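Please open the model in your viewer and keep the sequence panel beside it. The tour below moves from the whole chain to single residues, and each stop says what to select.

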Amino acid sequence: MVENWSLSCKETHPCCSRRRQNQPLPTRVLDVGTTGSSHEPFLFETNTEQGIYTTLSHRWGNMSQQFRTTKATFNQYRIRIPLPAFPKLFHDAILVTRQLGIRYLWIDCLCIVQDDDDDWQRECEKMARIYENSFLTLSALLPTSKGSGLFQSRWQRVEPVTFRMLDGTVIGLRPSMPTLTNAVGRSVLNTRGWILQERILSPAVLHFGDSQLYWECVGGQSEEIYPVLQNHASGLMKNMLEEAQRPGSQLYPRGHYIAWYNMVMEYTRKQLTVETDRLTAILGLSERFGRVFGGTFVAGLWAQDLHRGLLWRDLTKDGFAGCKRHVARGDRKHIIAPSWSWVQNGAQVDFEWDLSFEFPSRIHAVTRLPSSTDTEIIGTRTWKCRNGHRGSVKGYIQMWCVVKRVRWVSRTVERDGKSHDDKDIKVTKSLDVLQRTIGDTELELPCLMDLDFQEPRDCYCAIIADWTFEDSWKEFFKRETESLDLRCYLVLERTRKAPRNGNPQDLGKLKRIGVGAANIPSVEQFFGNRRKHFLTIV
């Protein structure tokens with residue numbers, strides 16, 4: 001059945017054409033031999049050779065931490081790795097690869113020297129090509145431990161019930177089975193951060209579920225209970241990456257950036273074994289995205305769309321159910337990234353807004369409204385941080401923007417709400433507010449802070465851009481909604497003053513500590529004049 005899926009994919013899907021020929025092999029692969037082979041696998045250094053190989057997508061755990069390639073095991077693994085020594089999952093992946101008539105298999109913890117930071121960084125930068133060039137990715141959806149593998153006990157199958165109608169027609173009924181979307185969505189593997197780019201970049205994936213096998217490729221998908229390969233969407237980002245390469249393809253203007261932000265929203269809900277891999281785990285995806293659409297990748301955002309990309313917000317500050325902060329606020333020092341990047345935040349982030357705090361009035365920026373108050377971005381730069389944890393990055397954005405010195409305070413408000421038993425109650429919520437006094441008038445703007453501050457503090461508010469926001473749920477609920485024109489701004493704190501003999505308009509270096517948006521007249525009144533200053537956000 002799997003061979004039929006693979007053959008049908010290669011022969012009928014033009015978008016899967018790269019599976020038809022040899023591809024450059026990764027730096028290292030496991031040489032597992034051929035069908036029926038009895039020779040023991042070994043780590044093969046390919047030296048730019050070409051061939052066909054499979055990859056394994058799995059959730060790291062104690063098994064992967066214990067059985068991996070290190071500087072101490074590298075030379076031995078190049079000679080032989082006894083087959084009985086492999087964990088059951090890897091053992092099964094070897095047998096499946098052999099059965100498919102493929103000689104090479106790539107497993108991350110074995111084909112990258114895990115305690116060599118230079119090797120790890122080099123190979124992570126090649127991740128896009130590793131998965132793109134693979135013939136097939138084997139996806140282990142089920143929880144894995146030392147004794148479990150790709151093939152595990154399935155749900156007990158109930159035989160179909162058949163009955164004959166009066167006209168002689170025979171009808172059969174069978175229990176429903178999880179669809180591919182459901183099987184992947186509820187799997188342990190889907191909670192893993194690295195899995196997102198592995199699934200998007202792979203031309204074909206064979207999922208091993210608890211009830212059946214699933215096939216997924218760019219051109220279609222299928223499942224064991226109904227093994228006919230059907231054309232079906234494989235996800236927004238995957239399809240955008242493929243459609244953009246078709247001759248004559250017409251893309252939505254800058255719509256690919258919204259697809260990127262949607263991907264980031266999904267990605268930050270997942271977990272990483274090593275939290276400092278937060279940026280590294282999507283480097284392959286960013287490399288492919290940049291190759292298809294162009295643009296400069298800067299610490300999780302795109303330099304060509306910073307006026308929108310800078311407007312991410314921390315979901316954990318809104319108190320949404322199910323949101324988790326993957327990194328405790330006190331531990332964020334281990335994640336080294338610019339303050340303006342969502343990578344540094346270490347939490348679930350969103351590029352949608354909830355200005356009314358009433359689900360589901362979620363809106364997102366779709367059309368930019370040019371204004372004289374817009375930030376003028378002069379330049380941005382990021383670079384690897386050699387002195388921090390692997391995956392660390394530093395950077396800055398230099399800009400001219402309308403900026404005012406303000407004061408942040410937290411205010412408690414009461415709103416009408418409903419209890420679990422549907423009774424009317426008062427809901428208390430803390431709101432972040434920026435204050436500025438002009439004459440005898442005290443003005444306020446709403447904001448959402450990235451950090452937990454206890455006492456009021458002085459800071460800066462910088463206008464970024466005006467955007468038309470639309471309800472992100474209107475298509476789901478099939479309803480008409482009015483758009484909102486909002487002026488967006490960042491909340492900043494100064495970390496270093498400008499040199500005394502420098503430009504008097506230079507405010508020095510600042511870091512992001514929050515974000516906000518309000519209707520344009522309110523922001524106009526709050527800021528007063530439109531005088532711009534030069535600043536560097538780090």
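Throughout, a residue is called buried if its relative accessible area is under 20%, exposed if it is over 50%, and partly exposed in between, with a 1.4 Å probe and protein chains only as cover. Helices (H or I, at least four residues) and strands (E, at least two) are DSSP runs, numbered from the N terminus. The model is a predicted one, in which local features need pLDDT of at least 70 and side-chain atom pairs count only at pLDDT 80 or more, while totals for chains, interfaces and linings use all residues. Residues are numbered from 1 along each chain as its sequence is written, and side-chain values use heavy atoms, with hydrogens and water left out.

**The whole chain**

Begin with everything displayed: the chain contains 16 helices and 27 strands, and 51% of its 538 residues count as buried. If contact is taken as heavy atoms within 4.5 Å, then 71% of the contacts with a separation of 6 or more are between residues 24 or more positions apart.

Select residues 532–537, which form strand β27. Six of the six residues are buried, so the strand is largely enclosed by the rest of the structure. In a regular strand the side chains alternate between the two faces of the sheet. Here K532, F534 and T536 lie on one side and H533, L535 and I537 on the other, and both faces are covered.

To locate the pairing, look for K509, which stands opposite T536 in β27. The chain crosses from β26 through α16 to β27, and this β-α-β crossover is right-handed, meaning that, with the strands pointing away from the viewer, the path from the first strand over the helix to the second runs clockwise.

**Helix α16**

Now select residues 520–527, helix α16, and colour its buried residues, I520, V523, F526 and F527. Why do they sit on the same side of α16? They cover an arc of only 125 degrees around the axis, which puts them on the same side of the helix; the arc is that of the directions from the helix axis to the C-beta atoms. The face turned away from this buried side carries the exposed residues P521 and Q525. Step on to G528, which follows α16 and has a positive phi, near 75 degrees.

**Cysteines**

C111 counts as buried at 1% relative accessibility, and C401 counts as buried at 0%.

Go to Q121 in helix α6, residues 117–125, which is buried with a relative accessible area of 15%. Leaving aside neighbours within four places in sequence, Q121 is in contact with L283, K384 and G391. The C-alpha atoms of Q121 and G391 are separated by 7.8 Å, although the two are 270 residues apart along the chain.

Finish at E223 in strand β12, residues 220–223, which counts as buried at 19% relative accessibility. Beyond neighbours within four places in sequence, E223 is in contact with W5, P178, T179, L180, Q212, L213 and Y214.

Technical notes
Pairing = 2+ DSSP bridges.
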